[in-house]
Amino acid sequence: KNLGRALNRGTAPETATLILGNLHVWAGIAILALTVWRLMLRFTRGAPAPAGGSSVTLAGMKAVHALFYILLLVMPLTGLGAWYFGIQGAAQVHEAMKPVFVLLIALHVAAVVWHRFVLKDDTMARMLRPGR
């Protein structure tokens with residue numbers, strides 16, 4: 001954000017701003033590439049069946065996972081659209097998705113804690129050692 005502002009004003013950004021801004025762009029590209037790779041694996045190899053739960057919790061899990069994948073695709077794409085093509089609407093969407101991402105991450109962490117310490121099931125082990 002700061003790097004883009006400096007470049008739009010025609011001023012030289014500070015070294016830290018330049019480095020962090022470029023890291024942000026390249027991290028977004030890496031996230032996009034890894035997400036596409038992960039989705040290809042998921043479609044070609046499938047995903048493990050859920051450990052169990054009610055129809056409500058399973059629907060919630062599927063919704064949160066789907067929204068994570070959507071954000072992991074759309075957020076880098078809108079960032080690239082804003083950065084490389086100057087699409088203002090893409091920049092606004094990119095910024096607006098940040099709180100949604102933070103909320104999803106908080107939900108994910110809460111689910112990890114719930115599975116690990118309340119349900120005491122093997123969800124974490126199944127994620128860390130797929131196929132077992």
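Which residues lie nearest the centre of the largest pocket?

1. M61, H65, H108, T123 and M127 lie nearest the centre of the largest pocket, and its lining has 38 residues. A pocket here is an open set of points, on a 1 Å grid over the protein atoms alone, with protein on both sides within 12 Å along at least five of seven lines; the probe is 1.4 Å, and lining residues have an atom within 4 Å of a point.

2. This is a predicted model, in which local features need pLDDT of at least 70 and side-chain atom pairs count only at pLDDT 80 or more, while totals for chains, interfaces and linings use all residues. Residues are numbered from 1 along each chain as its sequence is written, and side-chain values use heavy atoms, with hydrogens and water left out.

3. The volume of the largest pocket is about 1400 Å³. A volume is the space filled by probe spheres set on the grid points, which are joined across faces, edges and corners. Helix 2 (15-45), helix 3 (55-85), helix 4 (88-119) and helix 5 (123-128) are the elements that give two or more residues to the lining of this pocket. Helix 3 gives the most, with 11 residues. Helices are DSSP runs (H or I, at least four residues), numbered from the N terminus.

4. By residue class, the lining of the largest pocket holds 21 nonpolar, 10 polar and 7 charged residues. Ala, Val, Leu, Ile, Met, Phe, Trp, Tyr, Cys and Pro count as nonpolar; Asp, Glu, Lys and Arg count as charged; the others, Gly among them, count as polar.

5. T35 belongs to helix 2 and is buried, at a relative accessible area of 6%. V36 also has its place in helix 2, but is partly exposed at 38%. Buried means under 20% relative accessible area, exposed over 50%, and partly exposed in between (1.4 Å probe, protein chains only). Leaving aside residues up to four places away in sequence, T35 touches Y69, L72 and L73 (contact means heavy atoms within 4.5 Å). V36 and Y69 are 33 residues apart in sequence, with 9.3 Å from C-alpha to C-alpha.

6. Helix 3 holds V64 and T78. V64 is partly exposed, with a relative accessible area of 22%, whereas T78 counts as buried at 13%. With residues up to four places away in sequence not counted, V64 touches L104 and L107, and T78 touches A90, A91, V93, H94 and M97. The C-alpha atoms of V64 and I105 are separated by 9.7 Å, and these residues are 41 apart along the chain.

7. Two loop residues follow. G86 is in the loop between helix 3 and helix 4 and is exposed, with a relative accessible area of 57%. Its C-alpha atom is 9.8 Å from that of G4, 82 residues apart along the chain. K120 is in the loop between helix 4 and helix 5, exposed at 65%. K120 is not a glycine, although its phi is positive, at about 50 degrees.

8. On ring interactions, the charged end of R116 sits over the ring of F117, 5.9 Å from its centre. For Arg this requires CZ, and for Lys NZ, within 6 Å of the ring centre and within 35 degrees of the ring normal.
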